[in-house]
Amino acid sequence: MLASVVLMAGHSRRMGTLKQHVFIDGKSFLSHIIDKLEFFSLSISTKIFVGQESDIQGQEQVKKCGGIWISNFNPDEGTLSSIRLAVEKTPKNSSIMIWPTDHPLIEKDTLASLIQTWESNKDYIILPSDGTHRGHPAIFPNWILKYFNSIDINKGAKVLLNMFTDKIKYVLTNDIWITRNINTPELLQDAKDILAKKQ
């Protein structure tokens, strides 16, 4: 089984407002992500969202899509603290796809390729790559989940990528959004400009 974990517990200080409720291309970041997760509902059995307790709007959206909401009461501890909370709620024997909310424009074709690769390589970490840089979202196999609780919380999940380099499979893609964090007003405008040029 595959569970998705959407990370959105940060304070979004650089953006100035919670990123999940920022709009781009007619929808909020969170709506973009939820719509794509629902498109792949046959493959993604569980949808987990980690946010702040005060985010009532986010909780309502998650409830509406049948997802599981988890409140992170210590978001200043970083994304690994959210991942640890999500792992506790991950169904037995499930892999997890970790999706930061500041990457809302990941293309469906990219997700399809990641899921397809995972389906035939369930013991591997599956990462998208543009050939030079790896990006998001990442799929972590079930056997690796226990390590999220043992690594240094200040260093984050990248430690696992360095620990298990021989267990990584890269999915090459020309999807520019795998490496573009949209986490400031300037980067948001850049993303809007890119979308406008494509239309």
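Which backbone oxygen does the side chain of Lys36 reach? In this predicted model, the side chain of Lys36 reaches the backbone oxygen of Pro104, at 2.9 Å.

**Lys36**

- Lys36 has its place in helix H1, which covers residues 29–39, and although Lys36 is buried, it has no salt bridge.
- The nearest side chain of opposite charge to Lys36 is that of Asp175, which lies 7.4 Å away; a salt bridge would call for a separation within 4 Å between a side-chain nitrogen of Lys or Arg and a carboxyl oxygen of Asp or Glu.
- The contact that the side chain of Lys36 makes with Pro104 is with a backbone oxygen, whereas the nearest oppositely charged side chain belongs to Asp175.

**The largest pocket**

- The largest pocket has a volume of about 1000 Å³, and of the 43 residues that line this pocket, those closest to its centre are Leu7, Thr79, Pro100, Asp102 and Asn181.
- Helix H3 (79–89), strand S6 (95–100), strand S8 (138–140) and helix H5 (158–163) each supply at least two residues of the lining of the largest pocket.
- Helix H3 provides the largest share of that lining, with five residues.
- Sorted by class, the lining of the largest pocket is made up of 16 nonpolar, 18 polar and nine charged residues.

**Backbone features in loops**

- His136 and Pro137 are joined by a cis peptide bond, for which omega is about -5 degrees, and Pro137 is placed in the loop between strand S7 (125–129) and S8; strand S8 is also one of the elements that supply at least two residues to the lining of the largest pocket.
- Asp25 has a positive phi of about 55 degrees although it is not a glycine, and its place is in the loop between strand S2 (23–24) and strand S3 (27–28).
- With a relative accessible area of 46%, Asp25 is partly exposed.
- Asn93, which is likewise not a glycine, has a positive phi of about 70 degrees, and this residue sits in the loop between H3 and S6, two elements that each supply at least two residues of the lining of the largest pocket.
- Asn93 counts as exposed because its relative accessibility is 54%, and the cut-off for that class is over 50%.

How values were computed: Residues numbered from 1 in each chain as written. Predicted model: local features only at pLDDT ≥ 70, side-chain atom pairs only at ≥ 80, totals over all residues. Heavy atoms only, no water. 1 Å grid on protein atoms, 1.4 Å probe; cavity = no way out; pocket = protein on both sides within 12 Å on 5 of 7 lines; lining within 4 Å. Points joined across faces, edges and corners; volume = space filled by probe spheres on them. Helix = DSSP H or I, 4+ residues; strand = E, 2+ residues; numbered from the N terminus. Nonpolar A, V, L, I, M, F, W, Y, C, P; charged D, E, K, R; others polar. Buried < 20%, exposed > 50% of the residue type's maximum accessible area, 1.4 Å probe, protein only. Lys, Arg positive; Asp, Glu negative; His and termini not counted. Polar contact = N/O pair within 3.5 Å; in protein donor to acceptor, adjacent residues only side chain to side chain.
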